[in-house]
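Here is a short briefing on one protein chain. Keep the sequence and the 3D view open as you read.

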Amino acid sequence: MQNSVTTVDHPLVQHKLTLMRDKDTALPEFRRLLREISLLLAYEVTRHLELKTVTVETPVSQAELPVLAEPEPCFITILRAGNGLLDGMLDLIPAASVGHVGLYRDPSTLEAVEYYYKVPQDMSRRLAIVVDPMLATGHTAVAALELLKRDNAGSLSFVCLVAAPEGIKTLQDAHPDVPIFTAAVDERLNDKGYIVPGLGDAGDRIFGTK
């Protein structure tokens, strides 16, 4: 069975994404919008987190009430652009652990090349939320998920801002058990592997390197 693709079509998500797509949006505004939209995406991907009951003394009475079960989810950022999604997600779940997967796309083959990998030790007990702004060819996402499965990661989800149909298919073919959450599914990839209409190179726009 193919994994599900959830397009987060909340009006605020769509509004903020449109502003981010604009090539004239300045760096500070782009970062602010990214932080806000990533919080909204995290809200959606964590909708079904497990809860446990604890006893709480309210100002009125004692009550049995729900809190998040431990351990909290783990955010896995695909370097470097994935780091841009972290701030908003950690605003929502400040106790979450963070892992880093260093992959870059070879400009000739468009294949993912690993250069760094550091994740929490108890991956099998957590929901691991893999984040990268763009799901373009899908090779980087596939490689990151393969590394996490090698470390016996339990429940996995993938979150991005914008996805191309080609990237969705590649990820689904390789990891049919991993749900995808995105703010938009765009038209296609161009001959350089960029999403159309997309928002350009997410890493460069986040970090001001171009």
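Is Asn190 buried, exposed or partly exposed? The model is predicted. Asn190 has a relative accessible area of 28%. Buried would need under 20%, and exposed over 50%, so Asn190 counts as partly exposed. Asn190 sits in the loop between strand S11 (188-189) and strand S12 (195-196). In sequence, 54 residues separate Asn190 from Ala136, and their C-alpha atoms are 9.8 Å apart in space.

**Overall build**

- The protein chain holds 6 helices and 12 strands.
- Its radius of gyration is 18 Å. A compact globule with 210 residues would have a value near 17 Å, so the two agree.
- The C-alpha trace spans about 65 × 40 × 30 Å along its principal axes.
- Of the 210 residues, 47% count as buried.
- Take the contacts with a separation of 6 or more: 64% of them link residues 24 or more positions apart.

**Strand S10 and its partners**

- Strand S1 (residues 5-7) runs parallel to S10, and 3 bridges join them. Val5 has Ile180 as its bridge partner in S10.
- Strand S9 (residues 155-163) also pairs with S10 in the parallel sense, over 5 bridges. Here Val162 has Ala184 as its bridge partner in S10.
- From S9 the chain passes through helix H5 (residues 165-174) to reach S10. This β-α-β crossover is right-handed.

**Nonpolar cores**

- The largest nonpolar core has 35 residues. Val159, Leu161 and Leu199 touch the most other members.
- Several elements each supply at least two residues of this core, including helix H1 (11-21), helix H3 (83-92), strand S7 (127-131) and helix H6 (202-207). S9 and S10 are also among them.
- Helix H2 (27-45) is another of these suppliers. H2 gives the most to this core, with 7 residues.
- Which residues does Leu161 contact, leaving aside its neighbours within four places in sequence? Among them are Leu17, Met20, Leu34, Ile37, Leu41 and Leu85. Asp132, Pro133, Thr182, Ala183, Ala184 and Leu199 are also in contact with Leu161.

- Val13, Lys16, Leu17 and Met20 are the buried residues of H1.
- Why do these buried residues line one face of the helix? Seen down the axis of H1, they fall within an arc of 105°, so they share that face.
- An α-helix has 3.6 residues a turn, so residues three or four places apart point the same way.
- On the other side of H1, Pro11 and Thr18 are exposed.
- The buried residues of H1 pack against H2, S9, S10 and H6.

**Strands S4, S5 and S6**

- Strand S4 (residues 74-79) pairs with strand S5 (residues 97-105) in the parallel sense, over 6 bridges. Leu79 has Gly102 as its bridge partner in S5.
- In what sense do S5 and strand S6 (residues 112-118) pair, parallel or antiparallel? They pair in the antiparallel sense, over 6 bridges. His100 stands opposite Lys118 in S6.

**Backbone points to check**

- The peptide bond from Glu70 to Pro71 is cis, with omega near -5°. Pro71 is in the loop between strand S3 (62-68) and S4.
- Val196 and Pro197 are also joined by a cis peptide bond, with omega about 0°. Pro197 is in the loop between S12 and H6.
- Asn152 is not a glycine, yet its phi is positive, about 65°. Asn152 is in the loop between helix H4 (139-150) and S9.
- Asn152 has a relative accessible area of 56%. The cut-off for exposed is over 50%, so Asn152 counts as exposed.

Notes:
Residues numbered from 1 in each chain as written. Predicted model: local features only at pLDDT ≥ 70, side-chain atom pairs only at ≥ 80, totals over all residues. Heavy atoms only, no water. Pairing = 2+ DSSP bridges. Helix = DSSP H or I, 4+ residues; strand = E, 2+ residues; numbered from the N terminus. Right-handed = clockwise from strand over helix to strand, strands pointing away. Core = buried A, V, L, I, M, F, W, Y, C linked by side-chain atoms within 4.5 Å. Buried < 20%, exposed > 50% of the residue type's maximum accessible area, 1.4 Å probe, protein only. Contact = heavy atoms within 4.5 Å. Arc of directions from axis to C-beta. Rg over C-alpha atoms; globule rule 2.2 N^0.38 Å.
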